Amino acid sequence: MDSALSDPHNGSAEAGGPTNSTTRPPSTPEGIALAYGSLLLMALLPIFFGALRSVRCARGKNASDMPETITSRDAARFPIIASCTLLGLYLFFKIFSQEYINLLLSMYFFVLGILALSHTISPFMNKFFPATFPNRQYQLLFTQGSGENKEEIINYEFDTKDLVCLGLSSIVGVWYLLRKHWIANNLFGLAFSLNGVELLHLNNVSTGCILLGGLFIYDVFWVFGTNVMVTVAKSFEAPIKRIFIALLLRFDISLKKNTHTYFYTSFAAYIFGLGLTIFIMHIFKHAQPALLYLVPACIGFPVLVALAKGEVTEMFSYEESNPKDPAAVTESKGTEASASKGLEKKEK
């Protein structure tokens, strides 16, 4: 989820943005407006398109394409794990040279960024390949054991088109690694966010509330209670989270009413919460925990709509089936495909 946002007035950057030790020129109203507008756009694009892709996410072709389901236990643990990770990064930056840590993290995100960007652009690039393109199928298979005890560790199918996308993404990766250019940085950030929304699924609304509630406490504590979050955000040179809204889109589809009320409500709530965060940050000139404003909005708005429509019980009893269950996949595939097409037609 979104972590602390830093005020562009004082020259600090949002988590994931490139940082420099040199003095920056003073901010101008036009520059601040551009920064805030870019922040909104970068936050909203992965949510909207990631939610659409989460609906028609392939659930049986490749193991890597199958969404990972976050349970209530995972949701309860996540803020604790995030806190340990954040504190660990803080201590590392205090003890070791920031230069070497950022080099290690840059290499880490270089590899992950290439894979994420390749997966993101693959559906779009497929439209540009001619029918005569010599496309060959490949499979990467790693197993453990033998005979009846053989277990698949990695089973990934890909083709020549995927390799072309990987090559193009590698060019962006080298650009990011050598120059840390903000465009390459943001492309990786968008790819990470979109893949996260697409491939990480909450199993029900209650789990989403547990996760967001825990992260609400996490964000407020680490921003207002300590200087840990802001220190890491200013030192961390890597692209840096929004799956609750995608869950509500799939809940809309499960109602089979050919409407997407809860998705649009939660999307508008996110815009409101992020806008309020930016406004408070601009007024007080201090880093803000974005989840302080986003969590109440993203949970409160849809719940109020559910209360008005008398669908609170349906919302909190909605449970997503296990994507690895073949019967569940067969039953839901047709419904999800038609529903996502209907949403796309509305957007057009």
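Helices (H or I, at least four residues) and strands (E, at least two) are DSSP runs, numbered from the N terminus. The expected span of a helix is 1.5 Å times one less than its number of residues. This is a predicted model, in which local features need pLDDT of at least 70 and side-chain atom pairs count only at pLDDT 80 or more, while totals for chains, interfaces and linings use all residues. Residues are numbered from 1 along each chain as its sequence is written, and side-chain values use heavy atoms, with hydrogens and water left out.

**Helix α5**

- Helix α5 comprises 18 residues, 182-199, and its first and last C-alpha atoms are 25 Å apart, close to the expected 26 Å.

**The β3-β4 hairpin**

- Strands β3 (residues 137-144) and β4 (residues 151-159) run antiparallel and are joined by eight bridges; two strands pair if DSSP finds at least two bridges between them.
- Six residues separate β3 from β4 in this hairpin, and G145 in the turn has a positive phi of about 85 degrees.
- Q144 stands opposite E151 in β4.

**Salt bridges**

- The structure contains three salt bridges, each defined as a side-chain nitrogen of Lys or Arg within 4 Å of a carboxyl oxygen of Asp or Glu.
- One of them joins the side chains of E198 and R53, at 3.1 Å from N to O. This pair links distant parts of the chain, with E198 in helix α5 and R53 in helix α1, 145 residues apart. Both E198 and R53 are buried.
- Another joins the side chains of E311 and K257, at 2.4 Å from N to O. E311 lies in the loop between α10 (291-309) and α11 (312-317) and K257 in the loop between α8 and α9 (261-284), so the pair ties together parts that are 54 residues apart in sequence.
- E311 also forms a salt bridge with K309, where the closest N and O atoms are 4.0 Å apart. Through shared partners, salt bridges join K257, K309 and E311 into one network.

- E311 is buried, with a relative accessible area of 5%.
- K257 counts as partly exposed at 46% relative accessibility, and K309 counts as partly exposed at 37%.
- Beyond its neighbours within four places in sequence, E311 is in contact (heavy atoms within 4.5 Å) with L255, K257, Y262 and A306.

**Annotated transmembrane regions**

- An unreviewed UniProt entry annotates "transmembrane region" at residues 33-55, 75-93, 160-178, 210-233, 262-284 and 290-308; UniProt positions are given in the numbering used here, feature names are shortened, and annotations may be inferred rather than shown by experiment.
- Residues 262-284 are 100% helix and 0% strand, with the end C-alpha atoms 32 Å apart.
- Residues 290-308 are 95% helix and 0% strand, with the end C-alpha atoms 27 Å apart.

Technical notes
Buried means under 20% relative accessible area, exposed over 50%, partly exposed in between (1.4 Å probe, protein chains only).
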